[in-house]
Amino acid sequence: MHDPRDGYKCFRQCGRLFTSIKSLKKHVLSCKENNTAELPKEDLKHPEHAVKHEEKNISENLKNFSLPCQHIENENQVQVRNIDQYDASDSSLKMTLKWLSEDGLSRKIAFDINKDVKLNVIEPLHTLINDLQSSGAMSLECKRSIDSLLANFNCTSEHKFIQHLKTRDLYENPSFFTIHEELQECSEDQLHQQLHRIQGVLMPIKFMLRKYLEMDGVLETILNNLKLSRDGSIRTLVDGSIWQERTSSMCCKTVVPINIYFDDFTTSDTSSCHSKSTSICAIYLNLPSLSGYALGKLSNILTVGYLKTEDRKQHSNDKILSKLVELLIQLEEDGLEIKYQGEKRKVYFVLGFVLGDNLGVNGILDYVESFRANYFCRVCKRIRVQTEVDAKEYPKVFRTIDGYDRDIELNDVSRTGIKSPSIFNKIPSYHVTYNFVFDIMHDIFEGVGVYDLQHILHHFIYVERYFNISDFNESKNYIMKQDYQCGNIIHDISEHQIKTKKIKCTASEMKILITLFPLIVGPFVPKNDKVWKLANSLVQIVHIVLLREVPYVLIKELRKLIHFHHDQYVKLFNDTLKPKHHNMVHYPTAILKGGALRSHWSMRFESKHRESKSYCKINSNRINTCLSLAIKANFKFAYNCVSNSFLPSLLSYEKTQIERRQFHLDHALYVNSELHNVDISSVQFIRSFVKCGLVYKLGTIVCVRNADSVDIVKIIEIFLSKNDDPLMLCERYEAKGFVDHLQSFEVETTASITVISNIETIDTMPISLYIVNEKSYYRVCNYYKFNDI
């Protein structure tokens with residue numbers, strides 16, 4: 001029996017290949033009329049002899065074949081590839097997981113698609129293959145190989161598919177944890193009762209963390225970021241004093257910090273009568289020591305569990321969080337065995353911070369949930385009436401472990417702000433007083449920023465009358481259209497909103513509005529306006545707190561800015577400071593204790609809610625929504641593992657866009673073939689590439705940062721070196737100086753051309769330049785030095 005990989009070549013000069021002897025015989029017989037001159041004369045008289053003669057020649061020539069046929073001299077012949085090399089199991093698995101991980105697609109429809117593929121594609125292929133094999137056009141071995149390949153596309157049952165995922169180490173069932181048990185009547189006579197359990201759903205966290213860290217590059221990236229910064233900047237929680245104090249006794253272990261996030265979201269329309277009953281409390285987890293661009297990917301936020309919001313409100317945290325806290329204790333004390341670089345390595349996980357909005361964190365940590373309470377702050381014990389005028393921080397009243405214990409013994413929430421001892425204190429290395437962290441999204445972009453702009457715009461429009469609401473909206477739209485990141489322009493602000501001082505917009509919209517506010521309003525406002533100085537101080541504060549790397553020198557500057565901002569707010573607007581203002585006075589200390597605030601904000605966690613919300617819209621199950629969401633999250637995690645999508649490529653480009661040509665004559669002068677490793681006679685050009693998830697293309701304005709200085713360039717050409725590394729031929733911009741009134745650098749183009757190499761290692765960022773009064777500005781605060789200034 002021949003190997004299915006072999007082919008049978010016609011011994012005549014046509015040289016065609018056949019997969020079976022039958023098809024070869026048919027070919028020879030069909031060609032006999034064209035080759036009668038080569039047959040003996042007796043065969044011409046008796047055609048039946050010709051057939052026997054051909055069969056004899058076939059048998060003789062087959063003996064001379066060298067099997068398998070690996071080399072074919074005729075370039076027009078097609079090689080028969082080994083069909084056993086095709087493994088369709090991965091393709092089938094990945095395709096099914098892709099459909100199951102789609103937020104807007106129910107699990108049932110995903111398997112219905114597979115059933116349709118099987119019915120309308122796979123089964124007709126089976127029929128065709130059987131016909132080909134029966135007619136001799138395909139060998140039995142080849143048919144069996146194709147049947148085996150197509151058999152992989154048979155995922156039509158969720159149960160069988162989950163079992164298959166388990167054999168591939170891609171799935172573990174979520175588990176229920178009981179919050180409360182009670183007896184309920186199940187009949188009108190009230191004689192029969194049944195046990196009703198209030199439960200939440202917990203994901204297989206140990207399994208997920210093990211798989212996650214075993215993905216390519218994940219643990220390596222984390223280990224590199226666990227090293228302390230030595231360049232005068234503070235980045236992650238690892239650089240904070242709290243983490244160093246807590247892990248000082250674990251120096252011989254591989255200890256990885258994890259953050260736990262709590263937040264509620266509504267699965268239906270908020271105006272619906274069922275909105276409260278369908279509200280879900282989601283619990284997420286992330287590893288703050290990942291790189292900044294990786295933290296922004298939703299796949300790096302792992303789902304921990306779900307429970308109903310009304311259950312969380314009706315029962316104590318001790319009942320709700322007991323299983324989660326037990327799990328965190330096990331991860332800290334026992335750790336997990338991770339396969340890393342061919343060896344097993346023990347990794348321990350320590351809770352860094354409990355995150356969420358202000359109300360959520362206070363509730364989870366068993367602090368008072370009313371911000372009208374005497375002691376509402378989680379980190380200090382300033383009385384509420386004092387916080388309404390406080391423009392600075394008072395370290396002497398910080399909450400400490402000893403002070404916390406005394407407050408528990410006092411057992412008076414009005415004098416302590418503590419409702420009950422937190423269950424998180426059972427974790428060996430953790431205490432709620434260590435949770436010195438704040439959320440800039442809720443504090444500024446949904447709080448202080450809104451308060452400020454309401455007062456500022458009202459003052460400029462109706463008190464000073466520098467401009468009207470139409471001028472503001474027109475200027476806003478003009479500036480934002482020039483922002484490459486602003487996909488949707490913020491809606492126009494109405495006159496009613498300014499008069500009533502009630503501006504409504506999302507956190508991301510407020511972030512953009514504050515950032516561009518100096519360019520939008522600055523041209524209308526005189527330089528000596530006190531309210532304008534307050535506005536600029538808010539812009540500078542936002543700039544610092546959004547940094548992923550905060551230089552120590554800016555922490556002192558941040559403290560001064562917050563003091564100035566709060567003091568002027570009270571004086572200029574005759575208004576009291578709100579609890580979110582009070583949180584801001586702790587920002588400098590929070591950075592020193594826990595790292596850059598941006599690594600702990602809620603913006604990306606809030607985006608994670610969208611996955612669950614989208615799925616709930618198409619899922620009609622309202623009985624056990626938490627379990628449905630957990631199964632969906634499990635499928636999504638499995639898909640991310642199969643596609644290895646946790647850490648995106650640092651730099652990538654589409655090879656299909658490569659174009660070979662020569663440089664323009666005026667550009668070739670700036671390219672050194674030896675220095676830049678380029679063949680000048682035939683250069684490979686590309687139109688764009690992606691770095692850290694951001695697109696760089698022709699015409700993009702790029703900020704290149706070197707330590708404390710920056711360059712601004714515009715991409716003219718993107719070309720590849722002989723090693724296929726991208727290089728940028730750029731036109732340089734010159735900074736004429738910093739305009740304090742607009743909090744921007746004025747820039748203009750130059751005739752200078754430069755080539756930027758080592759793109760993967762240098763710090764670059766696509767930016768926008770804004771034209772105001774026929775001048776170009778780079779909107780950034782004066783915390784950088786331009787190389788040409």
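This report describes the confidence, strand pairing, helix packing and aromatic pairs of a predicted model.

## Confidence of the model

The mean pLDDT of the protein is 87, and 86% of the residues reach at least 70. Residues 1-5 have a pLDDT below 50, and this stretch makes nine contacts in the model beyond near neighbours in sequence. A further stretch, residues 61-80, also stays under 50 in pLDDT. For residues 61-80 the model has 21 contacts beyond four places in sequence. Where pLDDT is low, the predicted coordinates should not be read in detail.

## Strands around β10

Strand β10 covers residues 343-355 and pairs in the parallel sense with strand β6, residues 254-266, over seven bridges. Within this pairing, T254 lies opposite V347 of β10.

Strand β10 also pairs with strand β9 (residues 336-340); these two run antiparallel and are joined by five bridges. E337 has K346 in β10 as its bridge partner. Strands β9 and β10 form a hairpin with two residues between the strands, where Q341 adopts a positive phi near 55 degrees.

## The sheet of β12, β15 and β16

An open sheet is built from three strands in the order β12-β15-β16, with antiparallel pairing. Its edge strands are β12 (651-652) and β16 (694-697), each of which pairs on one side only.

Strand β15 comprises residues 688-691, and its antiparallel pairing with β12 extends over two bridges. The bridge partner of L651 is K691 in β15.

## Packing of α8 and α13

Two packed helices are described by the angle between their axes and the distance between the axes. For helix α8 (residues 205-214) and helix α13 (residues 317-333), the axes come within 11 Å and cross at roughly 40 degrees.

On the α8 side the contact involves I205, K206 and L209, which meet L327, Q330 and L331 of α13. By class, the residues of this contact comprise four nonpolar, one polar and one charged.

## Aromatic pairs

The model contains 26 aromatic pairs, counted with ring centres within 6.5 Å. One of these is formed by F467 and F524, whose rings lie 5.2 Å centre to centre with 45 degrees between the planes, a tilted arrangement.

This pair links distant parts of the chain, as the two residues are 57 residues apart. F467 sits in the loop between α18 (440-463) and α19 (469-480), whereas F524 belongs to the loop between α21 (507-521) and α22 (530-545).

How values were computed:
Residues numbered from 1 in each chain as written. Predicted model: local features only at pLDDT ≥ 70, side-chain atom pairs only at ≥ 80, totals over all residues. Heavy atoms only, no water. pLDDT = per-residue confidence, 0-100. Contact = heavy atoms within 4.5 Å. Pairing = 2+ DSSP bridges. Helix = DSSP H or I, 4+ residues; strand = E, 2+ residues; numbered from the N terminus. Axes fitted to C-alpha atoms, helices over the stretch in contact; angles between N-to-C directions. Nonpolar A, V, L, I, M, F, W, Y, C, P; charged D, E, K, R; others polar. Phe/Tyr/Trp six-rings, centres within 6.5 Å; stacked < 30°, edge-to-face > 60°.
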